[in-house]
Amino acid sequence: MRYEAVIGLELHIQLATASKLFSSSSAAFGAEPNAHVNEIDLGYPGVLPVLNAQAVRFATLFGLAIGAEINPHAFFMRKNYFYPDLPKGYQISQLDDAIIRGGKIVVETAAGVREVRINRGQLEEDAGKSVHDAFSDRTGIDLNRAGVPLIELVSEPDLRSAAEAVAYMRQLHHLVRYLGISDGNMQEGSFRCDANVSIREQGSDGLNPRVELKNINSFRFVEQAINLEIERQSDIMESGGTVEQETRLFDPDRMETRTMRSKEEANDYRYFPDPDLLPLDLAPEWIAEIRQTLPELPQARATRYQESYGLDAEATQFILQTREMADYYDALTAACGDGKLAANWLQGEFARLYNEFGGNVQDIPLSAERFAGLLLRIKDNTISAAAGKKLLPQLWESTETADALIAAQGLQQVNDDSQIAAWVDEVIAAHPQQVAAYRDGQTKMLGFLTGQVLKRSQGQANPKTVNALLQEKLAQ
């Protein structure tokens, strides 16, 4: 029997706010255990939570970016369960009346295009973290993360393969970083995934018991865990067994999933409205104001680059790696007037310098305007591309303009046909064997001869003119 997977993801996206969702404690990562904790985080009697307005703004911005409805009257619930890293004995979260309702993400894989519907995006506080010390065989509790704001984004079960699930995750990971609402650091737990996986007979439209795979923090692990779970459930079904609804952990060392606990339903958590928090009251004007701050989104930018400048997928992906890089590209294109030329140079010598720099685009010393000055001189044949490659590192490390460096080093390209023709004649006379080989059909010799002319001209001869004159004279 053939089976198909039915997959829904719950993504936990940590928001890049300075403080926690309901307290003034720092939300920064990396402090000593329990350094970023106060009485509200610890659930002391009599303390009252105060909602972080920036977290609400970030959630609203994200919801608008995925085409969701923003619920102006969302309210917070208490999700009750006992776990050592949950000091209050409950988590403040949302459920059916979450701030984000609906929306969709369209993903592309080798298998085709898949539209993934969003059920909801709920604003909630994170729990702490259990830290096990293998040497003492003791487990400590670090509550620095307790109360850090999250969006839990719950998809409908629209995904049909591990590859689609990873493509969906990658797109959302890119989006939250592009919007600047999360650093998306998976190693630090800023972007985590719970995957709900079930299988059914191919062509069926029913839903079978699902297994939840908890807290997976890398794209590779998500793909491996889902594929292992599909295989495990298929084996059970083939042998006549029944898949039990449960929560399982993925062990990447043993390449297996194993039982953690039976799967809870919403009523097991005894949700009820948090009596210490009023419902949100988001004015339509406030939501409209947030909408005005939405940047041009990645997919719209990709379409514009491909349609306006003829960029291929590789160039588009490079430019859209961050919003800052895309902004830099737009400024560079506006200043030099050639989107294709700008993209080619960004992917080439600029990429090498940028990788060596190791910082962010907004911190690099070379402004788009000074870079464009170099591209304009290449475009108008003042200098050759080879001279441009020589000058770019100097431009990066100095405050000089391209024109000043060109003049100081005498790099202006020679476009005088008579001078170039003289160099061509000298090279033809100096290399009779290569000339004869070219005329006998060894066309690769043209490259050698072109190189010799450029060498003789100290790189200043226009390569296009050199090539044309060489072919003309060799045909005589």
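Helices here are DSSP runs of H or I, at least four residues, strands are E runs of at least two, and both are numbered from the N terminus. Before going on: this is a predicted model, where local features need pLDDT of at least 70 and side-chain atom pairs count only at 80 or more, while totals for chains, interfaces and linings use all residues. Residues are numbered from 1 along each chain as its sequence is written, and side-chain values use heavy atoms, with hydrogens and water left out.

Back to α3, residues 162–179. Its 18 residues should span 26 Å at 1.5 Å a residue, and its end C-alpha atoms are 26 Å apart, so the two agree; the expected span is 1.5 Å times one less than the number of residues. Of those 18, 13 are buried, so α3 is largely enclosed by the rest of the structure. Buried means under 20% relative accessible area, exposed over 50%, partly exposed in between, with a 1.4 Å probe and protein chains only.

Next, asparagine 144, in the loop between β9 (138–142) and β10 (149–155). It counts as buried because its relative accessibility is 9%. Which residues does asparagine 144 contact, leaving aside neighbours within four places in sequence? Among them are Lys20, Glu32, Asn34 and His36, where contact means heavy atoms within 4.5 Å. Its side chain reaches the backbone oxygen of glutamate 32 at 2.8 Å.

Last, cysteines. Cysteine 193 is buried at 0% relative accessibility, and cysteine 336 is buried at 3%.

Definitions and conventions: A polar contact is a pair of N or O atoms within 3.5 Å; within protein, one must be able to donate a hydrogen and the other to accept it, and residues adjacent in sequence count only if both atoms are side-chain atoms.
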